[in-house]
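Me: Please take a close look at one helix in this model. I want its geometry, its two faces and its surroundings, with cut-offs spelled out.

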Amino acid sequence: MAAGAINHHSRRRFSQRKARTRRNTTIESIRNLAPKCKSCVAMIRTDIIQEFAKSGLLIAQEAVITIQESETPLDLVNEILKHLDESVVVIGQSDVAVAQTSLNARKKVVKSLTFHGQAGEEAEVLTVNATEEADMAIGQPCRQKPQPIKVLADITECSTCVGTYEEFVRYFRNRYDRLSEIIGRRLNSRPIESLAYWSPRQEGLFDEERSAGGKTSIVGIVNETRDTPNGHRVIDLEDSTGYFSGIALKNKAAYDAALQVVLDEVIGITGSLSSDGKVLFIDNVTWPDIPPKHEPAHAESDVHVALTSDVHIGSKTFLTRAWKNFADWLASSEDERAQKIGYVIVAGDVVDGIGVFPNQEEELAIDDIDDQYAAAASLFEMLPSDVSIIVAPGNHDAVRQAEPQPALSNDYAKSFSGNVTCIGNPSLIELCGVNILIYHGRALDDIIAAIPGCSYGNPDGAMREMLKRRHLSPIYGNRVSIAPESNDHFIIDSIPDILHSGHVHTIGASRYRGVTVVNSGAWQGQTKYQRSQNINPRPGIMPVCNLASMETTFVNFLEPDKGLISA
Ligand SMILES: [Fe+2]
């Protein structure tokens, strides 16, 4: 046997040892096959099929051919077995591609080591054997082993409502009770009903109004906002005892704040009652808001999370090349961040869906919803299997459209690999001690339309308004269809360390009172529909958050040569 052949087989044995994590006895019969010999190739074809069959697996013909044509078929077989999810029955090209990507990434490390002058069989043995320590040896960081995902809040399998009138009453009472309790910690308010029996001219002036200089505060759900003919702003509030109107005069400081008030949110207003006691002249508007200095949690290890959304696989404008660049980047060791990513979060719109907007069928490359999710599974399989992928649904996904939305059912998620976790929308999760509130963000349409200064070009600004209101979807009855669950799942009770949304297909990141706010863009180019709506997406650019430092950076996969960008 030639020395080269010895080297080749030696390398393969060590590769086998390293790769053998399960089904490790299935490769014995092809261990000594030489892949370049024609007769051996014929045997390999049979043996490859048999080896997978021993594990109860079938393999597609084209996948067999790809394995045969690879430089190291035996290594590839091992790698496929190592990466396979238990649910896989038929091995396809995508399984081979995932294994090949992983194999190539490891070979890169080996090459770096062999460059230091080691050669021959012994060198080959050493380099492969040393691969596990290679990261330290050449300064390459190991991928952080992800800790388990803790789901802290999620509607999945907890929905109880059917949409009755009584349920809506209960839902808004729950909203009022919880948010007014938060405001009540900072505002000494009175029930609206009590104002009907009180006027500053009356002798029975309450002590607290005396001490507050005649100021009165009430807390309620915003029932209506309107402008008077003279340009003042009226806000009608409602609590469980009645209605009352406040007015912000256009030449007063509270006027700008009053313009920020949206329907159905819970606020407090403070001011002076009119002489007839029928209206409150607003001096101040109080939102539930988060404390001024929320101290965010930090991960103890340097683990990173890739924040993404709006994949829209199935659309003709899905950016295949950008996604491929993403997968290659994750598997590479060129960017330190890539190797530190333990999690990828997809905040909704995994697929483009069917019939979501007018004439959508003209813009679909895949017009079957099952096929769209199968394609999504293939996309996820392109990513390293040691990265945890967390998937929430959006308004394009195949779950109920009323929010909160449960996780994708197994009907659609069945082809996802074992490293994919499906959660609801919204959901609060904990990764390495850091709380991340994930909401697809359909309510951003309503917020941007209602609040002066908010825009699609600055989505994190609109998301900060959610934090200020301690509510992800305050406006009822416009774009967002709300399911009247007994608990208002949109209320931000527990202050997150990261608020992550998508939906608007633009990007942005900022910090608000200690909370990192990120909108994660899309993987879909501009559609005809978006063009008609004058929506200009910024796809293919992905935020990456370091959970230890809470620093967010962006990676441009659409135009990788342009490198880092700022949002
Ligand atoms: Fe989307």
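Reply:

Helices here are DSSP runs of H or I with at least four residues, strands are E runs of at least two, and both are numbered from the N terminus.

This is a predicted model: local features need pLDDT of at least 70, side-chain atom pairs count only at pLDDT 80 or more, and totals for chains, interfaces and linings use all residues. Residues are numbered from 1 along each chain as its sequence is written.

Now the faces. Tyr171, Arg175, Leu179, Ser180, Ile182 and Ile183 are the buried residues of α7. Buried means 20 or more other C-beta atoms within 10 Å of a residue's own; exposed means 12 or fewer; partly exposed lies in between, with C-beta atoms placed from the backbone. Seen down the axis of α7, the buried residues fall within an arc of 150°, so they line one face of the helix. That arc is taken from the directions from the helix axis to the C-beta atoms. An α-helix has 3.6 residues a turn, so residues three or four places apart point the same way.

The face turned away from the buried side carries exposed Glu166, Val169 and Glu181.

What covers the buried residues of α7? The cover includes β4 (215–227), β7 (266–273) and β8 (279–286). Contact here means C-beta atoms, placed from the backbone, within 7 Å.

Key. Contact = placed C-beta atoms within 7 Å.
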